[in-house]
Amino acid sequence: MGPLRAAAARGLRRGGGRRAASAAREGSKASAACGGRPAPPSALHLFGDPAEVEALRGSLLAWYDKCKRDLPWRALAVTEKDVNRRAYAVWVSEIMLQQTQVATVIDYYNRWMQKWPTLQALAEASLEEVNELWAGLGYYSRGKRLQEAARKVVSELAGQMPRTAEDLQKLLPGVGRYTAGAIASISYGQATGVVDGNVIRVLCRLRCIGADPSSPAVIDRLWAMANALVDGSRPGDFNQALMELGATVCTPKAPLCGECPVKQHCRARLRVEKELALASQKLLGKLPAVPDVEDCGLLAGLWEFPSVPLAPGLQQEQQREVLLDHLQAWTGQPVPAGSLRFIGEVVHIFSHIHQTYVVYSLSLDGDVTLDLASCPSRWVTEEEFRASAVSTAMKKVLRACERQRGEESGRAKGSKRKRGAKPVGSTRPGTQLSLRTFLRAPNPP
Ligand code: SF4
């Protein structure tokens with residue numbers, strides 16, 4: 001597949017911005033995979049100022065103390081003195097809350113804790129009893145796994161709950177990274193962060209991160225951010241506050257920014273306010289100032305296909321010239337102009353920013369060694385692309401290429417039936433290939 005280039009300190013241009021992006025294919029000769037890492041994210045996407053982090057923690061915790069919902073598992077986490085019972089109480093709530101709304105869980109939780117207030121009591125229950133109480137909560141395997149894990153704690157760990165997030169995840173079946181972090185921070189005061197859907201949304205908005213949060217690389221960065229951000233003296237409350245904020249204020253649609261306790265630290269909100277101010281200036285006929293590119297660097301630190309900003313109004317021939325010059329400088333060798341094919345346009349919208357990518361594909365024969373010193377780049381396979389920190393926009397670019405190839409493949413088959421045309425998949429320069437051959441085969445183990 002095409003090389004990806006780090007987009008450090010570069011990103012989306014303001015509304016109506018256009019960039020030419022190219023996805024290149026290696027030729028029939030295998031090309032060595034190049035190294036290179038994405039440049040670190042710009043300061044815009046990090047919590048780099050310790051004073052700001054302190055202020056954010058303080059504002060969030062003060063809001064949580066005042067506005068948090070009264071929930072039975074929160075009360076038990078505060079009043080229960082026995083550490084094993086406390087951890088068990090939090091654990092049960094976290095399992096029940098997976099895929100189920102808080103309002104539905106409350107009654108089930110109260111009945112469960114009344115019937116089985118300890119790990120030992122749950123370990124002695126029959127599966128039938130567990131299923132009876134769980135009836136209506138859905139995803140029955142959760143109750144069964146909870147009981148199996150409780151039995152394990154009683155029989156193999158002498159009734160002692162593992163005391164760290166790492167051990168909870170390692171030793172308890174059904175306890176993943178999030179649940180382990182929640183139990184350890186809330187029950188034991190371990191200063192470890194948590195990342196769930198609410199936390200992802202809040203962190204991405206606070207730091208204006210437009211990357212695809214389903215990407216493992218992005219998730220890793222969010223975990224690192226959550227671990228760095230968590231309050232050392234009240235980690236459990238801090239984690240719950242962040243989740244509570246996502247559930248009640250920073251909601252997926254129509255967030256209540258006016259009521260948000262951390263709005264002064266929110267870069268997505270700042271960005272939207274700037275866009276609105278620019279729009280009003282436009283309405284009043286005033287020429288808006290050109291924004292600093294760093295100011296809109298939503299994709300900083302992510303990999304992207306080689307791309308170049310386009311001036312407005314360029315015709316396709318002029319776009320090709322600009323892109324060919326850019327690719328030539330990037331590969332350090334002449335680029336076959338005839339192999340550059342127009343794919344189409346991809347529009348990506350983040351918040352109020354509209355970015356249009358004019359997509360071209362390029363077929364390259366032979367090895368192309370990338371100069372990592374001048375520009376961090378690497379060749380990747382399809383698998384590596386999917387595992388890399390790439391933006392949703394780049395995924396759309398790849399999908400556009402896939403669609404084009406699908407259509408061409410269909411046309412080629414029809415034409416072959418009629419005229420015995422050459423099969424799609426030839427490596428002749430300039431021909432378009434199916435995606436499988438477009439992407440370089442993974443290196444053998
Ligand atoms: S200011 Fe708005 S978008 Fe930002 S964190 Fe608060 S609620 Fe979410």
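Asp365 lies in the loop that joins strand β6 (353-363) to strand β7 (377-378), where helices (H or I, at least four residues) and strands (E, at least two) are DSSP runs numbered from the N terminus. With a relative accessible area of 38%, Asp365 is partly exposed, the classes being buried under 20% relative accessible area, exposed over 50% and partly exposed in between (1.4 Å probe, protein chains only).

The model is predicted, local features need pLDDT of at least 70 and side-chain atom pairs count only at pLDDT 80 or more, while totals for chains, interfaces and linings use all residues. Residues are numbered from 1 along each chain as its sequence is written, and side-chain values use heavy atoms, with hydrogens and water left out.

Taken as a whole, the protein has 17 helices and 7 strands, and buried residues make up 50% of its 445 residues. The protein exposes about 20,700 Å², of which carbon and sulfur atoms supply 55%; accessible areas come from the Shrake-Rupley method with a 1.4 Å probe, and for residues only the protein chains shown count as cover. Among the contacts (heavy atoms within 4.5 Å) between residues at least 6 apart in sequence, 73% join residues at least 24 apart.

In soluble globular proteins, nonpolar side chains tend to be buried together. Here the largest nonpolar core holds 76 residues, and the members that touch the most others are Tyr88, Trp91, Met96, Trp112, Leu203 and Leu245; such a core is a set of buried Ala, Val, Leu, Ile, Met, Phe, Trp, Tyr and Cys residues joined through side-chain atoms within 4.5 Å. Helix α3 (residues 83-97) contributes the largest share of this core, 8 residues. Trp91, when its neighbours within four places in sequence are left aside, is in contact with Leu119, Leu146, Ala149, Ala150, Met161, Leu172, Val175, Thr179 and Ile183.

Several helix pairs can be followed by their axes, which are lines fitted to C-alpha atoms, for helices over the stretch in contact, with angles that run from 0 to 180 degrees between N-to-C directions. The axes of helix α6 (residues 127-134) and helix α7 (residues 141-156) come within 9 Å and cross at roughly 140°. That angle makes α6 oblique to α7, since angles under 35 degrees count as roughly parallel, over 145 as roughly antiparallel, 65 to 115 as roughly perpendicular and the rest as oblique. The contact is made by Leu127, Val130 and Trp134 on the α6 side and by Arg142, Gly143, Lys144 and Gln147 on the α7 side.

Helix α6 also packs against helix α4 (residues 102-115), and there the axes come within 10 Å and cross at roughly 155°. That makes α4 roughly antiparallel to α6. From α4, Tyr108, Arg111, Trp112 and Lys115 meet Glu129, Val130, Leu133 and Trp134 of α6.

A further pair is formed by helix α10 (residues 197-206) and helix α11 (residues 216-229), whose axes are 11 Å apart and which pack at an angle of about 85°; α10 and α11 are therefore roughly perpendicular to each other. In this contact Ile200, Leu203 and Cys204 of α10 meet Ile219, Leu222, Met225, Ala226 and Leu229 of α11.

Two loop residues other than glycine have a positive phi. In the loop between α3 and α4, Gln99 has phi near 65°, and Gln99 is exposed, with a relative accessible area of 57%. In the loop between α7 and α8 (165-171), Ala158 has phi near 55° and likewise counts as exposed, at 63% relative accessibility.

Arg74, in helix α2 (residues 72-79), has 11% relative accessibility and counts as buried; not counting residues up to four places away in sequence, Arg74 touches Tyr64, Lys68, Arg69, Gln240 and Glu244. Arg320, in helix α14 (residues 316-331), is buried with a relative accessible area of 15%. Arg320 and Ala337 are 17 residues apart in sequence, and their C-alpha atoms are 8.3 Å apart in space. Leaving aside its neighbours within four places in sequence, Arg320 is in contact with Ala337, Leu340 and Tyr360.
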